[in-house]
Amino acid sequence: MYIKNVLEYFERTAAENPGKTAVIDGERSIAFGELSDRAKGLALALRDACQGRTGSPVGVFLPKSIESVASDLGIVYAGNAYMNLDLKTPPQRIQNILDLVQPLYLITDEAHLAMLSGLWPREKTLIWERDAVPFDRWRNAELMEQLERVIDTDPLCLINTSGSTGTPKSVALNHRSFIDFTEWALRTTGIGEEVIGSLSPIVFDIYSFELCMLMAKSSTIVVIPDSLAAFPARILQMLQERGVTYLFWVPTIMVNIANMDLLSRFDLSALRHVWFAGEVFPTKQFNCWRRSLPRVQFINLYGPIEITLDCTYFIVDREIPDGEPLPIGVPCRNTDILILNEEDRLCGPNEEGELCVRGTSLALGYYNNPEKTAAAFVQNPLNHSYPETIYRTGDLAAWNERGEILFRGRRDTLIKHSGYRIELGEIEHMAVNTLGLVKNGCAVYDYAKKEIVFFYEMPEEIPAAQMRKRIGEVFPKYMIPGRYVRMDELPRNTNGKIDRLRLKESLDQWS
């Protein structure tokens with residue numbers, strides 16, 4: 001059956017499995033049938049409030065919970081696109097996002113309504129406890145008629161990401177791109193009806209894929225509270241107790257789990273699939289996971305937020321030495337990868353160039369931001385015959401002899417220092433992965449002082465002379481950082497990645 005919007009998955013799943021648990025949220029849970037009713041009830045309230053307006057974003061200002069899942073589904077039932085907001089985001093950034101996107105409505109609850117005071121009008125806010133209505137089955141035909149009009153190129157969700165000027169960008173992703181990724185995942189990786197250990201924030205695209213797995217394969221989402229992020233042992237205990245079979249995480253917490261040697265302390269025999277994406281997973285720590293869980297299928301995925309979920313994957317099917325990076329693999333189905341040199345020609349094997357993507361996985365663009373969209377989503381320089389959009393990722397990559405793609409870093413982390421071209425990610429990889437000097441590290445360039453600064457995460461400070469000596473054993477002098485800054489924990493953005501921009505902005509205070 002051809003699927004043209006993701007709710008067609010959910011209609012079938014909810015009808016076939018009404019009593020199966022859909023979401024586990026602490027001590028609470030909800031079955032598929034009740035989740036469907038609550039989502040449709042909210043959809044009816046939203047349709048009445050918006051007077052039937054469709055095709056526009058609706059914001060969700062809730063913690064990751066049963067209510068946020070029902071809200072996202074309800075928004076799509078109403079013919080609109082959901083935009084989840086991070087409760088921990090500073091008010092000014094929330095204001096910037098709302099000013100840019102101008103959503104039709106915001107959905108929140110009584111507990112978080114006060115946080116929106118001064119940021120958003122009360123009359124354009126739906127409150128869960130007050131405004132969500134019991135599902136009126138007599139109006140189901142109205143929702144089904146609306147659902148029939150939702151096509152695969154309509155927006156499903158907006159995901160906000162950092163902008164270089166400090167103004168967020170809202171990436172619009174459509175139904176077809178999520179359907180394509182879901183179908184690829186089901187056919188290629190063997191995942192199916194899973195119990196998902198859901199750790200990613202609701203503002204992250206991984207969470208949206210978890211929703212697709214809930215809808216497409218009646219998978220159960222086990223909500224891992226944000227408060228447990230600093231307590232990895234308790235997270236593993238939850239995975240054990242709930243019989244979690246599938247993880248899709250950013251590597252940061254996985255590195256911490258490996259460094260703390262926690263995997264041997266818990267029975268994770270139910271776990272079958274572990275996916276990771278979003279940043280480089282140091283191979284030494286990855287190998288700890290692979291040795292501890294030999295029956296698990298591990299997949300390294302790659303893709304910026306402008307690509308729906310990810311565009312390449314590497315099923316780890318061989319031993320990778322600790323000192324070598326994990327490949328990011330080969331393109332997902334219905335996606336093509338172009339690695340282009342500075343003359344916009346295809347690179348040969350082992351030739352480094354910019355990774356560019358074409359296919360239905362591409363985002364629709366940046367919402368209400370045509371200038372930034374035009375700069376990043378451009379005409380394919382290899383095609384002069386008809387309009388064809390590619391996305392220029394700004395990431396550097398190369399094909400290896402096996403036909404796999406190797407990630408080589410970011411263009412914006414490629415610097416010229418003392419006349420030499422240096423990839424800052426290479427310094428990070430060597431210090432963290434190969435030499436094992438620190439738990440996590442981030443190298444940034446202080447252009448004012450013409451100096452490489454290395455921020456690192458360790459409980460105690462390492463003498464700068466010792467760091468220079470060890471790094472100098474493997475790197476030439478011009479690649480050795482001149483300044484070292486210890487932190488208890490490196491700053492992270494909402495996606496769990498090290499916040500390089502914030503570190504750059506803090507350089508003056510560490511002079």
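Because the model is predicted, local features need pLDDT of at least 70 and side-chain atom pairs count only at pLDDT 80 or more, while totals for chains, interfaces and linings use all residues. Residues are numbered from 1 along each chain as its sequence is written, and side-chain values use heavy atoms, with hydrogens and water left out.

Helix packing comes up first. Two packed helices are described by the angle between their axes and the distance between the axes. Helices here (H or I, at least four residues) and strands (E, at least two) are DSSP runs, numbered from the N terminus. Axes are lines fitted to C-alpha atoms, for helices over the stretch in contact, and angles run from 0 to 180 degrees between N-to-C directions. Helix H1 (residues 7-16) and helix H9 (residues 205-217) have axes that come within 6 Å and cross at roughly 45°. On the H1 side, Leu7, Tyr9, Phe10, Arg12 and Thr13 meet Leu214, Met215, Ala216 and Lys217 of H9, where contact means heavy atoms within 4.5 Å. Sorted by class, this contact of H1 with H9 has six nonpolar, one polar and two charged residues. For these classes, Ala, Val, Leu, Ile, Met, Phe, Trp, Tyr, Cys and Pro count as nonpolar, Asp, Glu, Lys and Arg as charged, and the others, Gly among them, as polar.

Next come H2 and helix H7 (residues 140-149), which pack at an angle of about 80° with their axes 11 Å apart. H2 and H7 are therefore roughly perpendicular to each other. The residues that meet are Lys40, Ala43, Leu44 and Arg47 from H2, and Asn140, Glu142, Leu143, Met144 and Gln146 from H7. By class, the contact of H2 with H7 splits into four nonpolar, two polar and three charged residues.

Leu44 sits in helix H2 (residues 32-50) and is buried, at a relative accessible area of 1%; buried means under 20% relative accessible area, exposed over 50%, and partly exposed in between (1.4 Å probe, protein chains only). Setting aside neighbours within four places in sequence, Leu44 is in contact with Val133, Phe135, Asp136, Arg139, Glu142 and Leu143. The C-alpha atoms of Leu44 and Val101, which are 57 residues apart along the chain, are separated by 23 Å.

Now for the charged pairs. Side chains of opposite charge can pair when their charged atoms come close. A salt bridge here is a side-chain nitrogen of Lys or Arg within 4 Å of a carboxyl oxygen of Asp or Glu, and the count comes to 31 salt bridges. One of them joins Glu67 to Arg38, with the closest N and O atoms 3.7 Å apart. Glu67 lies in helix H3 (residues 66-77) and Arg38 in helix H2, so the pair ties together parts that are 29 residues apart in sequence. Glu67 is buried at 15%, whereas Arg38 is partly exposed at 26%. Both belong to a network of salt bridges that links Asp25, Arg28, Arg38 and Glu67.

Asp336 forms a salt bridge with Arg358, the closest N and O atoms being 2.8 Å apart. This pair links distant parts of the chain, with Asp336 in strand E16 (residues 335-340) and Arg358 in strand E17 (residues 353-359), 22 residues apart. Asp336 is partly exposed at 27%, and Arg358 is partly exposed at 29%. Asp86 also forms a salt bridge with Lys88, the closest N and O atoms being 3.6 Å apart. In this pair Asp86 is buried at 12%, while Lys88 is exposed at 60%.

On to the cysteines. The structure holds zero disulfides, a disulfide being a pair of cysteine sulfur atoms within 2.5 Å. Cys212 is in no disulfide, and the nearest cysteine sulfur, in Cys157, is 8.3 Å away. Cys212 is buried at 1% relative accessibility. The sulfur of Cys311 is 6.8 Å from the closest cysteine sulfur, in Cys332, which is too far for a bond; Cys311 is buried too, at 0%.

Thr245 is buried at 7% and, not counting residues up to four places away in sequence, touches Glu194, Val195, Ala270, Leu271, Arg272 and His273.

Notes
Parallel < 35°, antiparallel > 145°, perpendicular 65-115°, else oblique.
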